[in-house]
Amino acid sequence: MEDIAYIRNKCGRLRVPTALNGASHRARILSRGILLSISILLASVSALAQNGPPVPPSDDQPTLMKVLTDDGVHNVEDENWNAYGQFTYISSWKPSFSAAYTNLNGSINSLLPNAERSFTATVTLYLGVKLWKGAEGYLVPEVISELPLSQLRGLGGAIQNFELQKGGGETPQIYHSRLFVKQTIGLGGQRVAQVSGPMQLGTSYDSRRLVLVAGNFSILDFFDKNAFDIDPRQGFLGLGFMTYAAWDFASDARGYSYGGIAELDWDNWAVRVARITPPKEPNQLAVDFRLFKYYGDQIELEHNHRLHGRDGTVRLLAYRNHEDMGRFADAITVFEVDPAKNATTCPGFNYGSNNADAPDLCWVRKPNVKHGVGMFAQQYLTHDIGVFARGMYSDGQTEVDAYTSTDRSATVGLLGKGSAWSRPLDVFGAGVNLGWISKIHAEYLGMGGVDGFVGDGAINAAMESTVDAFYSVSLRKWLWLTGDYQHIVNPGFNADRGPVDVFTLRVHGEF
C-alpha cells in the first residue's frame with residue numbers, strides 16, 4: 001500500500017495520504033474558499049473527542065499551505081509556520097435489540113434497547129509556528145457538538161464512535177484541545193524529511209534525536225499511534241480500534257492531558273516516556289495539576305523493521321496511574337459492613353445511581369495505583385494490504401478514570417485500498433475488538449454498582465466483542481464519505497443483553 005494508500009516516509013513511519021492529484025491554481029483557490037465556507041457553517045453544529053493526530057496531506061492536496069507555496073510566498077519544505085483544518089460529521093443509528101433487563105433496580109448505565117440515533121460533528125484548526133532553533137509551538141482550537149447513544153452509557157470498548165466524549169452535548173462548545181511546545185535536539189545520523197501537516201512543520205531532523213514536549217496534548221499524539229498512522233477520521237470508527245481499550249490513560253473527559261514527554265529516536269528504534277495529568281473526578285473535565293501526587297506515567301518502546309521486504313512496526317507499552325480512585329473490592333466491603341453506605345447516599349461525586357441496594361465507588365476513593373502492559377504490531381502483507389494487532393492486560397482492580405471500562409483488550413484488523421477495482425484512493429478495513437472485565441469488577445457490577453460507563457444493575461459477565469467494517473470513498477481531493485457497520489455482542493460485558501447493530505455514515509473534509 002506504500003504506492004497509494006500507505007506511504008512510508010524517510011523516518012520509517014507509515015501514513016495514509018489524504019488527497020488526490022491537484023488541478024489548476026485557480027481551482028485550488030476555489031476549493032480552498034469552498035472548504036472555509038463549509039467549516040464556518042459547520043462550526044455552529046460541531047463535535048470532537050479523544051483521537052490521535054491527523055495525517056499530513058499529500059503533495060497535491062489543495063490546502064492553504066500548498067496554495068501559498070505555489071504562489072511563491074511559502075516554503076512547505078522548510079516552514080516557519082503552517083495552518084491546517086478539518087471537519088467531520090458522523091451519524092450513527094442502532095435499531096432496537098433484546099435485553100433481559102435495563103437499568104435494573106435504579107441503576108443507570110444500561111444501553112437503552114430502543115432504536116436510537118447518535119451524531120458528532122467536528123471543526124478543528126491546527127496552527128503551528130517555529131519558535132527558535134529546534135523548537136515548535138502548536139495550538140489546536142476546536143468547536144464541538146454531539147448526541148451519544150443512551151447518554152454514552154452501556155458500552156465498554158465497543159463505543160461506536162471514537163469522537164464521543166463524556167459531558168458533551170448538542171450545544172456547540174469551543175475550546176483548545178492542544179497547546180504545546182516541542183523541542184528537538186539533533187544527535188546525528190541521517191537527515192530525515194518531515195512532511196508539512198497538522199501539528200508538524202515541514203522541516204528535517206536527525207534520525208538520531210531527543211524530542212521534548214511540554215503543554216496540553218492528547219497522549220495519543222505521541223504514543224500508540226493508529227495502525228499505519230491513519231487519521232482515525234478516515235479509518236475505523238469504533239473506540240476500541242483507536243488504541244488499547246484497556247489503557248486507562250490519564251486525561252480529562254475529552255481525552256486531553258497536561259504534562260511532559262521525552263522521546264529518544266535512534267534510527268529504527270524509539271523509546272518515549274511521559275507523565276500526564278488525571279481528572280480531579282473520574283471521567284470529568286476538571287484536571288488535577290498536582291503532578292507529583294496524582295499522575296499517569298507511561299513508557300513505550302518501538303522498533304520499525306522489514307519482514308520479507310515489507311515494512312512493519314512493533315511496540316511495547318506499559319502504564320502506571322497514581323490517582324484518586326476507588327477499588328471495587330473496597331466498595332463491596334464498605335457496603336457489606338454498612339448497607340447505608342450505598343449508591344444513593346454518597347457524600348461526594350458519583351454517577352447518580354438510584355439503586356439503594358448497590359455499593360458505590362464514591363465511598364472508597366483515595367490514592368490508588370492502576371497499571372497495565374500492552375503490545376502492538378503492524379505489518380504490510382502486500383503493497384495493497386496491511387494487518388495489525390494490539391492487546392493489553394490491566395490489573396482491573398480500580399474504576400475507570402478516563403478511557404473505557406475494559407480491563408483486558410485485544411484487537412486485530414486489516415486495512416486495504418481499492419486499486420483492484422480502479423478506486424486506488426478508497427480505503428477499506430475490517431477488524432474485531434474484544435474486551436473483558438476482571439472478576440472483582442464483574443462482582444461489583446453484579447451487585448448493582450456502576451462505573452463511568454457500564455452497570456445494568458446485574459450482570460451475566462461475558463466478553464464484549466465488536467466486528468467493525470468500513471469503506472471510505474474519496475469524492476474530491478479534500479472530501480471523503482464512509483459507510484461503517486458494527487456488530488456488538490454482550491454490550492457492557494453482559495450476556496443478558498444484545499447483540500446490537502450500529503450503522504454509521506461519516507463525511508470528512510480537510511483544508
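Leucine 301 is located in strand β12. In this predicted model, leucine 301 has a relative accessible area of 39% and is therefore classed as partly exposed, since the value lies between the 20% and 50% limits. Glutamate 300 is also placed in strand β12, which spans residues 295-307. Its relative accessibility is 1%, under the 20% limit, so glutamate 300 counts as buried.

Two polar contacts of the glutamate 300 side chain were computed. One joins the side chain of glutamate 300 to that of arginine 272, at 2.6 Å. In the other, the glutamate 300 side chain reaches the backbone nitrogen of aspartate 224 at 3.0 Å. With neighbours within four places in sequence left aside, the residues in contact with glutamate 300 are Phe222, Phe223, Asp224, Ala270, Val271, Arg272, Arg315, Leu316 and Leu317.

Leucine 301 belongs to a nonpolar surface patch of about 1,000 Å². Two or more patch residues come from each of β10 (257-266), β11 (269-276) and β12. Strand β11 supplies the largest share, three residues.

In soluble globular proteins, nonpolar side chains tend to be buried together. The largest nonpolar core has 69 residues, and the members that touch the most others are Phe217, Ile219, Phe223, Trp247, Ile261 and Leu415. Helix α4 (residues 439-446) gives the largest share of this core, four residues. For isoleucine 219, the contacts beyond four places in sequence are Trp247, Phe249, Ile261, Ala274, Ile276 and Gln298.

Over the whole chain, four helices and 20 strands were assigned. The chain has 511 residues, of which 58% count as buried. Among contacts between residues at least 6 apart in sequence, 72% join residues at least 24 apart. The accessible surface comes to about 18,600 Å², and carbon and sulfur atoms account for 61% of this area.

Terms used. Residues numbered from 1 in each chain as written. Predicted model: local features only at pLDDT ≥ 70, side-chain atom pairs only at ≥ 80, totals over all residues. Heavy atoms only, no water. Buried < 20%, exposed > 50% of the residue type's maximum accessible area, 1.4 Å probe, protein only. Polar contact = N/O pair within 3.5 Å; in protein donor to acceptor, adjacent residues only side chain to side chain. Contact = heavy atoms within 4.5 Å. Areas by Shrake-Rupley, 256 points an atom, 1.4 Å probe, with all protein chains shown as cover. Core = buried A, V, L, I, M, F, W, Y, C linked by side-chain atoms within 4.5 Å. Patch = residues over 30% accessible without salt bridge, like charges linked within 9 Å, V, L, I, M, F, W, Y side chains within 5 Å. Salt bridge = Lys/Arg side-chain N within 4 Å of Asp/Glu carboxyl O.
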